[in-house]
Amino acid sequence: MADPAVASKVLRTFAVDSGVNYFKFAIGGAGAVGTITELGGGDFVSGVAHTATGRYTVTLQKPYPSAIVFCNPELTVADNDSNLLRCAYKTGSYSATAGTFEINTGDVDGLDGNALAALLMSAEDPASGQEIMVHVAYTN
């Protein structure tokens, strides 16, 4: 028989009104945002804007989630680009009022492996043809 303490934790976890979304967006010349594609053709994302070098602001559709509990952006590698870039959710950037959060990209070549410092020190746009794929978990 299953441990009741474990079962009660599982029940509490599923009692939270939550959701998961997967989407990706293409990168064009000079870091411009191309086509946004959502898994299953959903309507979670309203738009993505390239707001500065290495900075993308994602705007969600209303009603906005109350919190983002997990956000994992991944950057694909372009065929002709040997530059190693990293992509990350900016901690604390989600606004439940505006329905926005930020994803940063930066150059980590030749650094000591401190990806966060690299993103803060060396913002860089991905190459044209790359995609940023995002997995988001949220609560309502």
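This is a short talk on the fold of one predicted chain.

First, the ground rules. Residues are numbered from 1 along each chain as its sequence is written, and side-chain values use heavy atoms, with hydrogens and water left out. The model is predicted, so local features need pLDDT of at least 70 and side-chain atom pairs count only at pLDDT 80 or more, while totals for chains, interfaces and linings use all residues.

Start with the inventory. The chain has two helices and eight strands. Helices here are DSSP runs of H or I with at least four residues, strands are runs of E with at least two, and both are numbered from the N terminus. The order from the N terminus is α-β-β-β-β-β-β-β-α-β. Of the 140 residues, 34% count as buried. Buried means under 20% relative accessible area, exposed means over 50%, and partly exposed is in between, with a 1.4 Å probe and protein chains only.

Four strands make it, in the order 3-4-7-6, with antiparallel pairing. Two strands pair if DSSP finds at least two bridges between them. Strand 3 (45–52) and strand 6 (85–89) are at the edges; each has a single partner strand, so one side of each has no neighbour in the sheet. From one strand to the next, the twist averages 20 degrees. Those angles run from 0 to 180 degrees between N-to-C directions, with axes as lines fitted to C-alpha atoms, for helices over the stretch in contact.

Walk across it. Strands 3 and 4 pair antiparallel over six bridges. Val45 has Leu60 in strand 4 as its bridge partner. Their hairpin has two residues between the strands, and Gly54 there takes a positive phi near 70 degrees. Next, strand 4 pairs antiparallel with strand 7 over five bridges. Here Thr57 has Glu102 of strand 7 as its partner. Finally, strand 6 and strand 7 (residues 100–107) pair antiparallel, also over five bridges. Leu85 sits opposite Asp107 of strand 7.

Which side chains of strand 4 are buried? In strand 4 (residues 55–60) they alternate. Tyr56, Val58 and Leu60 point to one face and are buried.

Next, strand 8 and its partners. Strand 1 and strand 8 run antiparallel, joined by nine bridges. Val20 pairs with Ala137 in strand 8. Strand 5 (residues 67–75) also runs antiparallel to strand 8, with eight bridges.

Pro126 lies between helix 2 (115–121) and strand 8 (131–139). Is Pro126 buried or exposed? Pro126 is buried, at a relative accessible area of 4%. What does Pro126 touch? Leaving out residues up to four places away in sequence, Pro126 touches Ile27, Tyr56, Leu75, Leu85, Thr105 and Ile132. A contact is heavy atoms within 4.5 Å. Ile27 is 99 residues away along the chain, yet the two C-alpha atoms are separated by 6.9 Å.

Tyr22 lies in strand 1 (residues 18–27). Tyr22 is partly exposed, with a relative accessible area of 40%.

To close, take two things away. The open sheet runs 3-4-7-6. Pro126 is a buried loop residue.
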